[in-house]
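Please keep both in view while working through the topics below.

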Amino acid sequence: MLVVINGIFGTPHSLAGGLQSTWKYDYTKYHPMEEIYRWMEEVERRNPELVSSTVYGHTIEGRNISLLKLGLENSEGKEKKVIWVDCGIHAREWIAPAFCQWFVKEIVDSYKTNKKLKEMLQNLDIYVTPVINVDGYIFTWANESTRLWRKSRSLPPGGSDCYGVDLNRNFNANWGTVGVSFDSCANTYCGTSPGSEPEVKAVMDFVGRMVDQILCFLTIHSAGQLLLLPYGHPHISAPNYDELVSVGQAAAVEMKKVHGMNYTVGTSPQILYPNSGSSRDWARLIGIPFSYTFELRDKGEFGHLLPEEQIQPACEEAYAGALSIITYVHDKPFTNGSLPDTAVATVTVSGVTMMIWSTLIAVLHTAV
Amino acid sequence: MATGELNPNHYPAQRAATVVQHYLNTYYGSPYKVFGVKGVHSGNAEDVADSGRKYQLNISLQDFISKSTENCSAEVLFLRGEKQQQPSPPQVQASCYELSAINTKVQEEAFYQKYKTNQSLMSAHLPDSYGHIEPGMEPFWHLGTVASSFIMLNQSTEDTLYNMAQVANVTQLETENNQLKFDYHVLLHEMVSQAIIHWKLLFSWSPSEGVKVLQQEQLPHCHDCEKPPNSN
């Protein structure tokens with residue numbers, strides 16, 4: 001048995017306790033993409049026992065889509081389960097990438113002294129993508145007039161001069177059915193086909209390869225102070241809807257304890273609007289049992305232009321919510337492996353409710 | 001569409017409540033008073049034969065500046081227009097006496113006097129990309145919300161949810177008839193389509209008269225504005 005004694009082989013920086021040493025990174029400010037890329041390198045360099053990185057795809061303009069994997073060695077050699085967290089599918093939602101950075105910082109700074117967190121990191125790997133829509137995010141930093149861009153920066157299709165696809169309408173999940181536009185100039189343009197966008201394909205390929213290990217898929221957005229559960233289609237509900245609601249509500253309770261802010265829990269067609277092709281829906285459809293969209297602060301006063309003074313409180317409450325869900329899925333006794341054809345959706349058609357198996361959905365979809 | 005008792009957390013009641021917010025801001029909003037929906041307690045919707053749908057709501061509103069909240073009851077009637085036409089603006093009745101009576105006279109008068117003679121104010125991007133508003137510029141941001149509320153109220157339907165995203169530009173014009181006068185370029189966010197819609201507004205304001213919109217014009221969606229910059 002190999003015993004690694006922390007600190008003997010580490011660099012002076014990692015001995016000093018992760019991010020608390022000489023390097024200063026301001027988590028209460030918004031950072032441009034170049035700084036986020038450098039931050040990811042620094043976090044990995046300073047915490048090699050906990051953090052590793054992967055480039056798992058490229059944007060339409062050729063930029064790296066990268067994630068940080070947070071996890072500790074499992075001393076029993078057990079297969080690790082996975083938590084997925086992504087931020088920045090929508091370019092203008094700056095508080096989301098800010099949260100992913102905060103989330104990593106919190107874990108790095110507290111895992112050595114937080115016994116529960118340490119235990120979870122021995123059983124789970126947490127994959128965090130700070131910015132999925134890198135091109136769009138960079139575009140929002142170009143000048144004052146681009147700040148409210150939402151989509152990717154894909155080239156205009158023939159006959160149009162409008163750029164970009166709404167990446168959260170492009171996933172292979174009832175694609176193109178509700179809450180989308182087929183006009184490339186629209187902000188909910190769903191693209192030419194499911195997964196047509198390289199950013200979306202990167203997520204679907206990478207997550208798809210480890211789907212059997214993933215317990216929970218969290219995708220972070222702003223704004224509205226909502227916790228959205230699957231599905232975005234008004235006539236489809238997840239078979240574990242009741243549990244998704246209760247886990248979501250428990251998270252909202254934890255979030256409110258931090259700064260008194262209310263987060264509403266429900267499906268998108270209940271509390272926001274019907275939609276299709278979202279990453280949350282895709283994750284649930286391929287069998288990941290817990291899948292949530294976090295819509296962070298605020299409720300309309302500043303909207304996506306959330307002041308930097310609110311980054312800390314917004315991230316603190318979001319962290320409490322995310323940790324609540326992660327702790328639940330970690331602690332929940334799981335059955336021995338997951339059945340490949342576990343029911344993933346209940347469809348109500350003309351009052352008749354049917355359980356739909358994931359393979360059947362896939363077949364129905366390709367047949368359309 | 002849901003009829004009868006509404007779930008207050010679901011979107012139909014929330015959208016109708018936001019219409020009440022816009023209505024109250026057109027009446028009572030000022031550089032020192034702007035309302036937002038804090039929550040919906042209860043709601044009811046019913047079809048009104050041939051003309052539309054009526055919502056009855058109990059909501060709580062909050063003044064963003066003083067942070068006071070009040071419970072209000074309101075009715076919103078969404079009118080069903082003729083098939084090809086733009087629907088008429090919703091009709092709203094609301095009782096929110098405490099919020100409307102919040103006393104901002106001193107601040108409003110000071111602001112009015114300051115800008116009545118010094119008429120050259122120009123500003124842009126309220127808030128800026130970082131959510132920051134220059135000290136002293138908040139009243140212009142609030143005025144932008146109030147003026148935008150006239151447009152947002154007129155444009156609202158059961159299928160929309162509007163908020164003002166940003167004041168892109170403010171130019172003060174010459175005071176006329178003792179009213180401060182402004183030219184504003186505002187960006188409105190519509191939640192369901194996720195669109196950002198540009199409007200130009202010419203309006204006047206004084207403590208006694210409130211905001212009066214003189215001219216309004218929707219600006220076309222500018223594709224040229226979205227071409228990538230030359231350098232990354």
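Which residue in E8(B) is the bridge partner of B:Tyr162? The partner is B:Glu190. This pairing belongs to a predicted model, which scores ipTM 0.94 and pTM 0.91.

**Strand pairing in chain B**

- Strand E7 of chain B covers residues 162-176, and strand E6 of chain B covers residues 122-126.
- These two strands, E6 and E7, run in the antiparallel sense and are joined over four bridges.
- Within that pairing, B:Leu126 has B:Val167 in E7(B) as its bridge partner.
- E7(B) also pairs with strand E8 of chain B (residues 179-190), again in the antiparallel sense, over 11 bridges.
- E7(B) and E8(B) together form a hairpin, with two residues between the strands.
- In the turn of this hairpin, B:Asn177 has a positive phi of about 55°.

**A loop residue that reaches both chains**

- B:Phe64 is found in the loop of chain B between strand E3 (52-63) and strand E4 (69-79).
- When neighbours within four places in sequence are left aside, B:Phe64 is in contact with B:Val34, B:Phe35 and B:Gly36, and also with A:Glu301 of the other chain.
- Between B:Phe64 and B:Gly144 there are 80 residues in sequence, while their C-alpha atoms are 14 Å apart in space.

- The size of an interface is often expressed as the accessible area lost when the parts come together.
- Here, chain A and chain B bury about 3,100 Å² between them, and 57% of this area lies on carbon and sulfur atoms.
- On the side of chain A, the residues that lose the most area to chain B are A:Glu144, A:Glu301 and A:Leu305, which together account for 19% of what that side buries.
- The contact involves 34 residues from chain A and 32 residues from chain B.
- Helix H8 of chain A (residues 268-271) gives the most to the side of chain A that touches chain B, with three residues.
- By residue class, that side of chain A comprises 18 nonpolar, six polar and 10 charged residues.

**Salt bridges**

- Over all chains, a search of the whole structure finds 23 salt bridges.
- One of these links A:Arg46 with A:Glu42, whose closest N and O atoms are 2.8 Å apart.
- Both A:Arg46 and A:Glu42 lie in helix H2 of chain A (residues 33-46), where they are four residues apart, about one turn of the helix.

**Confidence in the model**

- Chain A has a mean pLDDT of 90, and 86% of its residues reach 70 or more.
- In chain A, the pLDDT is below 50 over residues 1-19, a stretch with 23 contacts in the model beyond near neighbours in sequence.
- The pLDDT is also below 50 over residues 362-368 of chain A, a stretch with four such contacts.
- Chain B has a mean pLDDT of 92, and 94% of its residues reach 70 or more.
- Over residues 224-232 of chain B the pLDDT stays under 50, and the model has 13 contacts for this stretch beyond four places in sequence.

How values were computed
Residues are numbered from 1 along each chain as its sequence is written. Chains are lettered from A and ligands numbered from 1 in the order in which they are written. This is a predicted model: local features need pLDDT of at least 70, side-chain atom pairs count only at pLDDT 80 or more; totals for chains, interfaces and linings use all residues. Side-chain values use heavy atoms; hydrogens and water are left out. Contact means heavy atoms within 4.5 Å. Buried area is the accessible area (1.4 Å probe) that two parts lose on being put together, summed over both. Ala, Val, Leu, Ile, Met, Phe, Trp, Tyr, Cys and Pro count as nonpolar, Asp, Glu, Lys and Arg as charged, and the others, Gly among them, as polar. pLDDT is the predictor's confidence in each residue, from 0 to 100. Two strands pair if DSSP finds at least two bridges between them. A salt bridge is a side-chain nitrogen of Lys or Arg within 4 Å of a carboxyl oxygen of Asp or Glu.
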